[in-house]
Amino acid sequence: MSIQDKLGDSSTAKLSIKNVSKLFRGARQTVTALEDINLEVEDGEFVCLLGASGCGKSTLLNLIAGLEKPTEGTIQSDGQDITGPGRQRMVMFQEHALFPWLDVIGNVLFGLNLKPGLTQDDRRELAMFYLKLVGLEKFSQSNIHELSGGMKQRVALARALAPNPQVLLMDEPFAALDAMTREQLYADLQNIQQKRRKTVIFVTHNVREAVCLGDRVLLFTPRPGRIHNEYRITLPRARDINDVAVAQLASTITADLKKHTPSA
Ligand SMILES: Nc1ncnc2c1ncn2[C@@H]1O[C@H](COP(=O)(O)OP(=O)(O)OP(=O)(O)O)[C@@H](O)[C@H]1O
């Protein structure tokens with residue numbers, strides 16, 4: 001079996017979110033985190049969620065991941081209700097959440113243990129393919145504590161991609177990194193998306209980052225979170241975050257966001 005066969009088709013899924021609201025009921029108060037969210041995401045589309053802190057972006061990501069259930073409404077992936085977490089939807093967080101007791105390849109292999117029908121050699125070959133994709137093939141035997149923050153996020157990305165999920169859910173994955181490292185990862189992520197296209201939902205506070213990466217950028221109102229506007233980003237790829245066109249569009253979107261953020 002060739003590596004192409006083992007990788008499988010680069011699978012994507014269409015997401016359909018209908019009339020979704022999410023309430024968190026506490027002992028003293030109920031928080032409406034999301035209200036009446038309607039969203040269709042196409043196969044292989046890269047959608048960025050932007051909005052003030054607390055507007056429900058992570059909550060929406062967790063609902064799509066199946067980690068939380070909507071209070072009202074439905075969420076479907078390729079026509080199937082999402083009822084819980086599954087290996088077709090992998091989540092990547094701001095903090096890398098790697099296993100420090102495993103080396104780099106051990107972390108990527110961990111994700112592959114969920115994938116049936118592969119020999120141990122197949123899994124190693126696949127893990128190396130994804131480490132190469134994120135530029136870390138020379139670090140496969142390294143310990144996690146030996147890596148920089150950017151390298152750790154690359155391992156986390158390889159681990160999330162390795163089981164070939166249809167949907168990648170990214171919650172501010174680059175927020176803790178320095179600007180130079182982030183810029184490199186923007187280029188890498190666009191390159192990877194070209195090679196192994198996924199449906200991506202990407203939460204960020206960084207408007208330029210959203211414009212640089214997204215096919216579409218959704219703007220949320222502060223609590224309760226609602227989608228108040230969306231921008232289709234048609235700038236040619238690969239995009240550079242320092243490009244004038246990216247900066248101009250980002251400033252238009254920032255002005256729009258500020259209109260809906262009382263304290264801004
Ligand atoms: N498990 C929970 N229990 C109670 N309230 C919650 C829970 N998760 C989120 N919330 C509340 O729901 C609202 C939305 O939170 P969420 O984390 O989704 O926002 P966010 O837009 O991702 O914020 P940030 O940009 O700061 O990460 C907040 O008021 C938050 O306190």
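Two residues are in contact if their C-beta atoms, placed from the backbone, lie within 7 Å. The structure is a predicted model, in which local features need pLDDT of at least 70 and side-chain atom pairs count only at pLDDT 80 or more, while totals for chains, interfaces and linings use all residues. Numbering of residues starts from 1 along each chain as its sequence is written.

The chain comprises eight helices and 10 strands (DSSP runs numbered from the N terminus; helices are H or I with at least four residues, strands E with at least two). Its radius of gyration, taken over C-alpha atoms, is 19 Å, close to the 18 Å given for 264 residues by the globule rule, so the chain is as compact as a globular protein of that length (the rule is 2.2 Å times the number of residues to the power 0.38). Among contacts between residues at least 6 apart in sequence, 71% join residues at least 24 apart.

Six strands form an open sheet of mixed pairing, in the order E6-E7-E8-E3-E9-E10; two strands pair if DSSP finds at least two bridges between them. Strands E6 (89–92) and E10 (227–232) are the edges, each pairing on one side only. E9 (residues 216–220) and E10 run antiparallel and are joined by five bridges; Leu218 has Glu230 in E10 as its bridge partner. Helix H8 (residues 244–259) lies across E3 (46–50), E9 and E10, at about 20° to E9 (axes are lines fitted to C-alpha atoms, for helices over the stretch in contact, and angles run from 0 to 180 degrees between N-to-C directions).
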